[in-house]
Amino acid sequence: MTAALRVISPGLSTTLQDLGRAGFQRLGVAVGGALDPISLRAANSLVGNPVDSGALEALYVGPSFVVEADDARLSFVGADAEIEIFADMDAQSSEAISPMRSIRLQRGQVVRVGSLKNGAILYIAVEGGFAVEPVLGSVSTDSRGQMGGWQGRALASSDVLPLRSLEATDRDEYRIEGLDFAPLRRVRVIPGPQSDYFSQTEIERFFAGEYTVSAGSNRMGMRLEGSPIRHSRGFNIISEAIATGSVQVPGSGQPIVLLADHQTTGGYPKIATVISADLPAMGRLPIGAKISFVPATLEEAVAARRKLATDLETIGDKMVRISLPSAVVATRLLECNLISGVCNGAA
Amino acid sequence: MLEYRVLPAGDTALIVEFDDRIDRELNAAVLALAHGLDAERIPGIIETVPTFRSLMVHYEPLVLSASALIACIDGRMRNLTTNTSVGHLWHLPVCYDPSLAIDLDEVARRTSFSAQQIVERHSAPTYHVYMLGFLPGQAYMGEVAAELALDRLETPRTRIPAGSLAIAATMSCVFPLQTPCGWHVIGRCPVPLWDHGRATALLAPGDKVRFVPVSVREYERLASGVSQGALRFEPVGEVVGAAA
């Protein structure tokens, strides 16, 4: 017997991601990894995985899939989403659950994640993880490099994602409480590296302006719309390496914040760099979100990074046993299953 | 001591920048600093990324402070010995046939050279690999002869095939994977510059490359050898002396 999730609908862009593959940028290999590593860690914690395990990262519209394992424990962490659990492929009615929790599902059950609200991302972790070979130490999908993850690409209909665990362990379900997912409004940045490509007036304009996350955004970069920034020395620099969070200003003057899948090198001037502690919240921002930038010192950035690291170490403390065991849900769904008499024996 | 400046790139990376031009001596200094820092295995340095005239150092600030890292870099810079003649010399077969080079005619029109003259001029120099970037294994090689230097396309193509040899300004690249691209495609190289299976790059910064024109038939023979895993590509030698 094997265990898998069979994709019915892949969602808008769903990829397997872990914490990325640092160490190979000199070869042109992007670091990649989860846009919001806080949620990824929480999702893994809820199913008892090592926090750096690979999980599905869905953007804007989630996937639908069938559980093809005797049973499997899944967790959902991230944006608000309607998550529907159907007893089988033919079931007309469903149980809706909220994210930020784990749930144990049986063979044949169907999970349908709808459009995400109040955030761009939802992580779906599976107890035991996905049975995918790491490339350069990571299972993250690198779509530009066409490697890692599931066949080096986003999920497609009919993909069958193998799972490492044939069945879920016998334990209670948990939810995670107290994660601060308030939308980031003031993004802290360290000015530079190319501050000298912009006049003082333009730098002030950058910090005074309000920017809206625009529809051209993806895992490579978040495109912003707002008051355009003018360059004082042209907008081409000799190509240099790029740090995640760089705010590059191309010829149009509309800034682009470079995210996990950014190319390793590039030739546009960067006016500032988002501090590392603000990147997870940055990754969660949906299209239409409004932000402004505030300057931070290196000391403030490092203090924020230290606080985040401490918070992440204790993320397990935020887990609360779900008082009404999910068995209630599961039993009801099982009853549906018996009534319909369907047994999906594939895989 | 070679002049440099340190630029902030957030709280987990900084840039050591040497001047503002593309130059092999500067590039050699970048590589020497990268190798020096890598060899020292300083706790807290995550990786170094050499480019034309600057080095990005990614670090963990909770282990190594920016000021301690800058002191390390300063110490290295005081005793930096650069060597422009390190690396391997490669001969890369390239088919410049128009069937595999969609922009050859357009480059001919813009430069007023015949296709044959472009091939001669492009395959004459020994190129220097300045850096890898953009795609896994993608090497930026210079310099393209001044009379072939063209600006990028105004509208990039949505897709060029893996192995495309393309030029823009003074640089040549072989694009290891299918990719969107705004450069002028003038040939195709059958040699994989990125090995997916072993996750290794063929070329390294500091290497030297000569492009050897081959016929369509030879290209196809090589490409089919590659796809069957029957061909291995080795450098023709080490770079010795002050290579051109």
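Start at A:Y123. Leaving aside residues up to four places away in sequence, A:Y123 touches A:S39, A:L40, A:A43, A:A55, A:L56, A:E57, A:V77 and A:G78. The model is predicted, and these contacts are read from its atoms.

A:Y123 also belongs to the largest nonpolar core. That core has 168 residues, and A:L122 and A:Y123 touch the most other members. Strand β8 of chain A, residues 110-126, supplies the largest share of the core, with eleven residues.

Now step back to the whole of chain A. Its domain assignment gives domain 1, covering 4-173 + 322-340, and domain 2, covering 186-312. Between the C-alpha centres of these two domains lie 30 Å. Their contact draws 17 residues from domain 1 of chain A and 15 residues from domain 2 of chain A. On the domain 1 side, α1 (37-46) and β8 of chain A each supply at least two residues. By type, the residues of that side of domain 1 are seven nonpolar, seven polar and three charged.

Domain 1 of chain B runs over 5-78, and domain 2 of chain B over 88-238. Taken over C-alpha atoms, the centres of the two domains are separated by 29 Å. Seven residues from domain 1 of chain B and seven residues from domain 2 of chain B make up the contact. Helix α1 of chain B, residues 24-40, gives the largest share of the domain 1 side, three residues. That side of domain 1 of chain B holds four nonpolar residues, two polar and one charged.

How do the chains meet? In the contact between them, 35 residues of chain B face 36 residues of chain A. Several strands of chain B each supply at least two residues to its side: β1 (5-8), β2 (13-17), β3 (45-50), β4 (54-59) and β6 (127-132). β3(B) gives the most, with five residues. Across the side of chain B that touches chain A, 22 residues are nonpolar, nine are polar and four are charged.

Last, the confidence scores. Chain B averages a pLDDT of 94, and 98% of its residues score at least 70. For the complex, the predictor gives an ipTM of 0.94 and a pTM of 0.92.

Key: Residues are numbered from 1 along each chain as its sequence is written. Chains are lettered from A and ligands numbered from 1 in the order in which they are written. This is a predicted model: local features need pLDDT of at least 70, side-chain atom pairs count only at pLDDT 80 or more; totals for chains, interfaces and linings use all residues. Two residues are in contact if their C-beta atoms, placed from the backbone, lie within 7 Å. Helices (H or I, at least four residues) and strands (E, at least two) are DSSP runs, numbered from the N terminus. Ala, Val, Leu, Ile, Met, Phe, Trp, Tyr, Cys and Pro count as nonpolar, Asp, Glu, Lys and Arg as charged, and the others, Gly among them, as polar. Domain bounds come from an automatic or database domain assignment. pLDDT is the predictor's confidence in each residue, from 0 to 100. A nonpolar core is a set of buried Ala, Val, Leu, Ile, Met, Phe, Trp, Tyr and Cys residues joined through C-beta atoms within 7 Å. A residue is buried if 20 or more other C-beta atoms lie within 10 Å of its own, exposed if 12 or fewer, and partly exposed in between; C-beta atoms are placed from the backbone.
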